[in-house]
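Biologist: Please take a close look at one part of this model, the pocket, and describe what surrounds it.

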Amino acid sequence: MSTTEQSTDRLGDTGYRLTAPRRAVLEAIAGANRPFTIEELSDRLPNIGRATVFRTIKLLQELDIVCRVPLEDGGVRYERSRSGRHHHHLICSECGSVTEFSDPTLDEAIERSATAASFELDGHSAELYGRCPTCQRLP
């Protein structure tokens, strides 16, 4: 099953309609070979309004179809969620590659820290910045 088919199934399973603009956004995301900005995605879809692209990305993020990737410089990119469940990111500062990882122990430590501070946690994310194995091998 293709990424687009999985995403359309997820939309339907959660009660959302697959409109033509949503399908176009999903196809553009499936064709992206690296993390993208909403502006880049919008530029690839000239027949779809910018606001529609923003709203669709927000919905896809809520459904864990797309994940938000905060960059070290403060910028934000998005990418398809490979796991479809809660995860974190390893982000290469050299080439920009993004690798998802899950760590239940880390998640539990974050929840314990919030509880110890009497903080009502709604969610969390962790991005680790460094150099991927490929970039480490470069001179």
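Modeller: Domain bounds here come from an automatic or database domain assignment, and by that assignment the chain is divided into domain 1 (1-82) and domain 2 (86-139). The contact between them, meaning heavy atoms within 4.5 Å, takes eleven residues from domain 1 and nine residues from domain 2. This is a predicted model, in which local features need pLDDT of at least 70 and side-chain atom pairs count only at pLDDT 80 or more, while totals for chains, interfaces and linings use all residues. Residues are numbered from 1 along each chain as its sequence is written, and side-chain values use heavy atoms, with hydrogens and water left out.

A pocket is an open set of points on a 1 Å grid over the protein atoms alone, where a 1.4 Å probe fits, with protein on both sides within 12 Å along at least five of seven lines; lining residues have an atom within 4 Å of a point. The largest pocket holds about 240 Å³ of space, the volume being that filled by probe spheres set on the points, which are joined across faces, edges and corners. Of its 14 lining residues, Cys-67, Arg-68, His-87, His-89 and Ser-125 are the closest to the centre. Each of domain 1 (1-82) and domain 2 (86-139) supplies at least three residues to this lining. Strand β1 (residues 66-70) gives the largest share, four residues, strands being DSSP runs (E, at least two residues) numbered from the N terminus. β1 pairs with β2 in the antiparallel sense over five bridges, where pairing requires at least two DSSP bridges, and Arg-68 has Tyr-78 in β2 as its bridge partner.
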